[in-house]
Amino acid sequence: MKTVRKCLLTICAAVTAVCAGAALADADEHVRLVTLVQDADYAPFMSAEVSGPAGIYAEIIKEADKRLPGYTIELTSAPWTRAKFLVQSGKVNGLVGTYHKPIRRPWIRHFSTPMAKETIYVYCREGVAQDHWDYPKDYAGLLFSNNAGFATPGSAFFEMVSAGKIQLIEEQTTDANLRLLQLGRADCYVQQQEAVEISIQSNNFDKIIPIREVQTETAHIGYSQHWSAEDGDTFIADMDSVLKQMTADGTIRKIIMNWTDGTI
């Protein structure tokens, strides 16, 4: 009798475990995984730490994830050229931190509601350029450095590069590009002001000066053309709505302040 009772208890336990597993599996079916990638070395906006992706945009994504029940956002970081490839090839759903560049990045089918606005400056070695110069026209003949894969200098700049009027070399990081200026191996560099100032201070670069503001850009999540409307449009609309909420309620501003001490 004890043997029969023991068998019945074992069977009941097994059935309970199977039912619980089925319930969890059913719940998991209603949680959609969304994969995003950001740059690994563009502080304070995007960076990679031992604990994972970091920076202003990572914090914005993490907060948005909390406000999006039914989704799990998996954010990773990679060098910018690699990050773009992952989205362009459809291996990842979206590129975090891209500027609104539909012509240069036709593989992005939708640019999200802006996460932030970035102020872009041209920096040069001392004695190379004047603050009244027209950008980029008056910079003809100079050698610029640029983060690999970045479209930050703008379309008119790249047209001059294609025409041979400006020379261009590229490095992966802000630090590496500014070091070229510091060592006299490049003349100028176009980048977001705060990112440059952080690098100049941390590396004690003393031969680089800001020349002038050249433009402002809005930063977005750019969704891959390989992510179909059927699979992605609901999330895209929900994320856009949440980003608007986070802008309206001051959350994004607070995140930016925390990372920059209010300098942006």
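Which residues lie nearest the centre of the largest pocket? The answer is M115, A116, K117, I252 and I256, which belong to a lining of 12 residues. A pocket here is an open set of points on a 1 Å grid over the protein atoms alone, with protein on both sides within 12 Å along at least five of seven lines, and lining residues have an atom within 4 Å of a point. The largest pocket has a volume of about 150 Å³, where a volume is the space filled by probe spheres set on the points, joined across faces, edges and corners. Both β8 and α8 supply at least two residues each of its lining, and α8 gives the most, with 3 residues.

The model is predicted: local features need pLDDT of at least 70, side-chain atom pairs count only at pLDDT 80 or more, and totals for chains, interfaces and linings use all residues. Residues are numbered from 1 along each chain as its sequence is written, and side-chain values use heavy atoms, with hydrogens and water left out.

The confidence of the predictor in each residue is expressed as pLDDT, from 0 to 100. For the protein chain the mean pLDDT is 90, and 88% of the residues reach 70 or more. Where pLDDT is low, the predicted coordinates should not be read in detail.

The protein chain contains 8 helices and 12 strands. These elements are DSSP runs numbered from the N terminus, with helices (H or I) of at least four residues and strands (E) of at least two. Of the 264 residues, 46% count as buried, that is, under 20% relative accessible area with a 1.4 Å probe and protein chains only. Among contacts between residues at least 6 apart in sequence, 73% join residues at least 24 apart.

An open sheet of 3 strands, in the order β2-β3-β4, has antiparallel pairing. β2 (41-42) and β4 (52-54) stand at the edges, each with a single partner strand, so one side of each is left without a neighbour in the sheet. Two strands are taken to pair if DSSP finds at least two bridges between them. β2 and β3 meet this through 2 bridges, with D41 opposite S47 in β3, and 3 residues lie between these strands in a hairpin. Strand β3 (residues 46-49) also pairs with β4, over 3 bridges; there E49 has G52 as its bridge partner, and the hairpin that joins β3 to β4 runs through 2 residues.

Strand β8 (residues 116-125), which contributes to the pocket lining, is mostly covered, with 7 of its 10 residues buried. β8 runs antiparallel to β12, to which 10 bridges join it, and antiparallel to strand β11 (residues 188-192), to which 5 bridges join it. I120 illustrates both pairings: this residue stands opposite Q215 in β12 and has Q192 as its bridge partner in β11.

Strand β12 also holds G222. With 0% relative accessibility, G222 counts as buried. Leaving aside neighbours within four places in sequence, G222 is in contact with V87, N93, G94, L95, T98, I108 and H110. G222 and R105 are 117 residues apart in sequence, yet their C-alpha atoms are 9.2 Å apart in space.

Helix α7 (residues 229-248) has 20 residues and reaches 27 Å from its first C-alpha to its last, close to the expected 28 Å; the expected span is 1.5 Å times one less than the number of residues. The buried residues of α7 are G232, F235, I236, M239, D240, V242, L243 and M246. Their cover includes β1 (32-39), α2 (56-66), β5 (71-78), β7 (108-111), β12 (208-224) and α8 (251-260). After α7 comes G250, whose phi is positive, near 85°.

Conventions. Buried means under 20% relative accessible area, exposed over 50%, partly exposed in between (1.4 Å probe, protein chains only). Contact means heavy atoms within 4.5 Å. On a 1 Å grid over the protein atoms alone, a cavity is a set of points where a 1.4 Å probe fits but cannot get out, and a pocket is an open set with protein on both sides within 12 Å along at least five of seven lines; lining residues have an atom within 4 Å of a point.
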